[in-house]
Amino acid sequence: MPATVLVGAQWGDEGKGKATDLLGGDVDFVVRYQGGNNAGHTVVIDTGAGLEHYALHLLPSGILTPGATSVIGNGVVIDLEVLFAELDGLAKRGVETGRLLISASAHIIAPYNAALDRVSERFLGARRIGTTGRGIGPTYADKVNRVGIRVQDLFDESILRQKVQGALDQKNQLLVKVYNRREVDADAVVEVLLPYADKLRPFVADTSLLLNRALAEGRHVLLEGSQGTLLDVDHGTYPFVTSSNPTAGGACAGAGIGPTRIDRVIGILKAYTTRVGSGPFPTELHDKDGARLREVGGERGVTTGRDRRCGWFDALVARYATRVNGLTDIFLTKLDVLTGFETIPVCVAYDVDGVRHNEMPPTQTEFHHAMPIFEYLDGWDDDIRGARAFDDLPAAAQAYVQALEDLSGAPISAIGVGQARDATIVRRPLL
């Protein structure tokens, strides 16, 4: 059985949690393959007594799907305090969390990583990236510099102490001599991390082996990325990016499966565009329309609480995401938020210093200077939240979806028309 990748196709916050939750009932494993608790997925479930909102920061969205096994892959960086707080919070709400597996090779966010993240961001001043300050970037830097702490290290106190001390031999020089901060005591760090060993042990496994065996047995694996394509450290709007690869290629490295195992890549696109943090955003709105998108769409970060920057749909971003991820399908979310606009602009090209670009410019400088060229589509006034088939949508909404499909270069197979779990139109089966 082939695996399926679910990836954000803009700057993140596209609604991946809703898509994962929709598909979770038809898969055996849901795997988070990169990122840390610097992103949040919101899943809304209709319990019959009302809508239940679940905000997930580190756990795969499949944790809310009975019968599916959730996996935190080796490509994820884990804040242990956040992990167990999230598990405890779900347990208190009656969610079964025992079907969770964690890669022994996933890296741990040590206390000094978060400290370095915050102080280095302040040090950058006007050039700051806009990180969440949770230590994700420094932890990935430790991983690449080969001074990281992995889950498996917590089960050998001697190894853990050696690795923490080795990391701090470098970092204390930076903290004291550059940032004028106190040095971090290695024993204090070990005392924070070591008590988690017994709590972690029941969840830890060779997840790469498990997933490959599952695929060989014909079981379905869904690979879930965090953030979005334009935040990918290689393919995003560098340097205003995350520190890992949320694009589809990152799924193989972050889960430990080969690319030949994957046959579908589903990109999540919001019917408009948002981003959080610093960096260029050609279609960004600074007017009442932007404020309206933010308010109606509930555009505030699940993890940070920060208002998201809002703008119109950018077809160049969509085509770029289709190309670098090899999208086979698009899940279009939050179409209902556009209800009530008389006309809806769609960015179809950029003007860069008088030159028209029909694709994403190849350089950072050009992208910073890009001005959107819009085409204008008719809006609609009908409430579409009850639509469950494409023909239920008003003609203008159908035309809008069709235009986005033509501009994006991949079929729009599903459309989100509301918060509820079942507020989705499926035009083509996703699995």
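The legends below describe close-up views of a predicted model.

**View 1**
An open sheet is built from 10 strands, ordered β9-β7-β5-β2-β10-β1-β11-β15-β19-β20, with mixed pairing. Its edge strands are β9 (204-205) and β20 (424-426), each of which pairs on one side only. Strands of a sheet pair through backbone hydrogen bonds, either parallel or antiparallel.

**View 1. Strand β2 and its two partners.**
Strand β2 (residues 29-32) is covered on both faces. Phe29 and Val31 lie on one side, Val30 and Arg32 on the other, and all are buried. In a regular strand the side chains alternate between the two faces of the sheet. Strand β5 (residues 69-72) runs parallel to β2 and is joined to it by four bridges. Strand β10 (residues 221-224) is also parallel to β2, again with four bridges. Arg32 can be followed across both pairings: it stands opposite Ile72 in β5, and its bridge partner in β10 is Glu224.

**View 2. The crossing of helices α5 and α6.**
Helix α5 (residues 157-177) and helix α6 (residues 186-193) have axes that come within 9 Å and cross at roughly 130°. An angle of this size makes α5 oblique to α6. The crossing of α5 past α6 is right-handed. On the α5 side the contact is made by Leu160, Arg161, Val164, Gln165 and Leu168, and on the α6 side by Ala186, Asp187, Val189, Val190 and Leu193. By class, the residues of this contact are seven nonpolar, one polar and two charged. An α-helix has 3.6 residues a turn, so residues three or four places apart point the same way.

**View 3. The loops on either side of helix α5.**
Asp153 is found in the loop between α4 (136-145) and α5. With a relative accessible area of 5%, under the 20% limit, Asp153 is buried. Apart from neighbours within four places in sequence, Asp153 is in contact with Gly148, Ile159, Leu160 and Lys163. Leu160 also belongs to the α5 residues that meet α6. The loop between α5 and α6 holds Asn180. Asn180 is exposed, at a relative accessible area of 66%. Its phi is positive, about 60°, although Asn180 is not a glycine.

Gln227 has a positive phi of about 55° and is not a glycine. At 6% relative accessibility, Gln227 counts as buried. Pro239 is joined to Tyr238 by a cis peptide bond, with omega about 10°. Most residues other than glycine have a negative phi, and most peptide bonds are trans.

Helix α11 (residues 315-325) has nine of its 11 residues buried, so it is largely enclosed by the rest of the structure. The buried residues are Ala315, Leu316, Val317, Ala318, Arg319, Tyr320, Ala321, Thr322 and Asn325. What covers them includes the strands β1 (3-8), β11 (262-270), β14 (313-314), β16 (343-352) and β17 (355-357), as well as the helix α13 (395-408).

**View 4. Ser408 in helix α13.**
Ser408 lies in helix α13, which is among the elements that cover the buried residues of α11. Ser408 is buried, with a relative accessible area of 2%. Leaving out residues up to four places away in sequence, Ser408 touches Leu269, Phe313, Ala318, Arg319, Thr322 and Ile330. Ala318, Arg319 and Thr322 are among the buried residues of α11. From Ser408 to Pro246 the C-alpha to C-alpha distance is 19 Å, and the two are 162 residues apart in sequence.

Methods: Residues numbered from 1 in each chain as written. Predicted model: local features only at pLDDT ≥ 70, side-chain atom pairs only at ≥ 80, totals over all residues. Heavy atoms only, no water. Axes fitted to C-alpha atoms, helices over the stretch in contact; angles between N-to-C directions. Helix = DSSP H or I, 4+ residues; strand = E, 2+ residues; numbered from the N terminus. Parallel < 35°, antiparallel > 145°, perpendicular 65-115°, else oblique. Left-handed = near helix turned anticlockwise from the far one by under 90°. Contact = heavy atoms within 4.5 Å. Nonpolar A, V, L, I, M, F, W, Y, C, P; charged D, E, K, R; others polar. Pairing = 2+ DSSP bridges. Buried < 20%, exposed > 50% of the residue type's maximum accessible area, 1.4 Å probe, protein only.
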